[in-house]
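Here's a quick walk through one protein model, piece by piece. Keep the viewer open as you read.

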Amino acid sequence: MSLAPRVGRGRLVVALGLCAGLLVACGGGQSGGDAQGPGAGAPAVARDSGQPMTEAQALQAGAALNAKSLQDALARARTLPATSAVAPGEVAPIGAYTLGEVSRKAVGRVAVFRFYNTGTGAHFYTTDVGEREQVYRTAPSMSPEGEAFYAASAPSTGLSPVHRFFNTQTGVHFYTVSEEERDSVVANLPQFNYEGVAYHASLVPAAGFKPLYRFFLIGQGVHFYTASEEESQSVKANMSATHQYEGVGYYVMDAACASPPCGSTGPNRPRVFIPLHGNNQLADEASLDADWTYVRQNAHGIWGNNANISDAQSASLIRKMATRNLITEFPVPSGTSAWLPLSAFNNLQELYPDLDQSLNPEAIAFYTSDTSRWNGRTVAQAEAIYTDPAASATRRYGAVYTGWQPQNFDPTNAKYIYNNPNALMAFRSSKGTFIECPLGGCTSGKLGEAFRRAIRETHVRGRPFIWFASNANRTTPGWLASFQATYNAVANEGLWRPEDVIVIMNYGGVYPMLPEAVGGVAADTSTGLAYWALQQRAAATP
C-alpha cells in the first residue's frame, strides 16, 4: 500500500510529539495524532517565542492541534445509544467504547491502522480492532487510510514493548518504547493513565523488519512518523526546510508478509460467484454443460442480478451449479421514503419449490452510486425487512450489503460518500461492500486508488468486499489478461481476504462464455476468468 504524504493545504501525515531526540526514547506509531512522550530527548521549540517549550506547554500544544476533534468523536461514541435506529445523518455505534483498553492479541503480527482526520489534518493510529471500528462508525471526519505498518503483538526474543498511556487532561495518547521514560511518566505525571503494552518492536535491524522513520517539524513541537521508504524520501527531498530528519526510531514488521498472502501467493484469495445476468445461454443449453464443468462444480456462489433473464432461466442456471450460496443485487429505490419489499427472488423460490430448501441467501446487496438516493433511508431499515428472524429461513437474508462505484471513494468526485452523511451511514452500517469496476480499469491511477480505498475501508470493519468485475461490453480478445492484471494488483498488495468475492459480469453475454479452459489453461472467456480465479483460490488453500 502506498502511503504518500498528504502535503496539500498543510495536510502532512503528522504525529504530535514532545521530544526531538531519536524515537527510541520517545516511542510512537500507534496514535499518530497523539503526544509522543513528555520530557524525552531535546526540548521542543515553542512555535511563537522560539524558546524551548516546558513540558506543560508541549502537552497543551499537542492537545490544541489534534485532540479536540478525535476526543469529540470518542465522546460521541460513548454517549450515542447502541442501536442502529438513528436519525438521518447520524451513525450509530456498534457497542460500548472504553478508553484505556488495549486488546490482548494472539502471538504474531498486528496491523497498525491509520485514520486521517479531515478536520485537523492529523492522523490517528490504532492496532485495536474494536477501537478502530468504533472510530470508523462514529467519527465521519476520520477517514480510514489502511494499514500503515505492522508490529509484533506479543513478546519475543529481541523485541521491546511499546507502552501506551492515556492523558486524561488532553484526551491524547502517549507511546514509548523506553522503560525509563515509562517509569518516569508513572511516577511524575498522574494525569497519564497507563494502559499497558500496545505492541512490540525491535530496537535494531532484523530480518522481516523495516525502519520507522522520524521527522521533527521545526518550530512546531510536532513529529511525523512513517514506515514507508518512499514517503520518507519524498519528505527529505521536498520538505527539508520544515521537516528535520531525526533518524530511525525503531523497527516494525515488514508489511509484505504481515497478513497473507506474502506477495502474489497465499491462502487469502476471494471466492468466485457466477451471475445470472448474461448467462442465459448457459442456462438454456444442456449441450454446453460439459464446457464449464469445473466452474459449475467449484464456484462458491450465485450473484442474483436477474436483469434480462427469466425466472425459468435463473432457476435452470442455479440447478446446474453445486453451490447454493446466493447474494441478491437490488437497486436502491428512488422517490420513496421507505424500502420497497423485494419480491423477485421470493417469487422465484415460490415458482420453483425445489430451490426453496437448497438456496442459502447469504446477503442482499443494494446498489446505487448516486449518494443522494439514500434520502435518510438506512441499512437498518433494510435489515429490519430482509433479515427479520421471524421470517421463514428461505425468505430472509443473512446480511445487507451496499454497492457503489469506485468514484464514490474518490475525494475529488462529486459523489464521494464522505460528502453525504446518509450515504456514509449506509456504507458504514452495511455488512459488506461491492464495487463495480471494469476489467483493467482498477490497476492504477485515480480509479485504482479509489478501488483500493474501498477495499481497505471495507476490511477495517471486518466485512467482505465484492469486486463486480465487468467487461464493459468488451467484444475483443484480452478480457482474461485485464482481469488477471486487476486481480494480481490487489493480491500483490495483500488486500484480498478469504471472505471476499469476485463476480464476473458478462453484460448481455456479449463476450465469449465458453470454454472454461483449453488444455488445462484458462480460456479468454467469461467462464475462463472464473476458472482461473478458482484455480488461484485452490492453489492458495493450505
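Start at G304, whose bridge partner in β13 is T328. Keep in mind that you're looking at a predicted model. Strand β12 covers residues 301-304 and strand β13 covers residues 325-331. The two run parallel, and three bridges hold the pair together.

## Nonpolar cores

In soluble globular proteins, nonpolar side chains tend to be buried together. Here, the largest nonpolar core counts 69 residues. Which residues have the most contacts inside it? They're F451, W467 and F483.

Take F483: leaving out residues up to four places away in sequence, it touches L439, W467, A469, I502, I504, L529, W532 and A533. Another core, of 16 residues, lies apart from that one, and its members include A148, L212, A227 and Y250.

## A buried arginine

Now hop over to helix α3, residues 129-138, where you'll find R132. Is R132 buried or exposed? Its relative accessible area is 12%, and since buried means under 20%, R132 is buried.

So what does R132 touch? Not counting residues up to four places away in sequence, the list is F113, F115, T126, H459 and V460. F115 sits 17 residues from R132 in sequence, and the C-alpha to C-alpha gap between them is 8.6 Å.

Note on methods: Residues numbered from 1 in each chain as written. Predicted model: local features only at pLDDT ≥ 70, side-chain atom pairs only at ≥ 80, totals over all residues. Heavy atoms only, no water. Core = buried A, V, L, I, M, F, W, Y, C linked by side-chain atoms within 4.5 Å. Buried < 20%, exposed > 50% of the residue type's maximum accessible area, 1.4 Å probe, protein only. Contact = heavy atoms within 4.5 Å. Helix = DSSP H or I, 4+ residues; strand = E, 2+ residues; numbered from the N terminus. Pairing = 2+ DSSP bridges.
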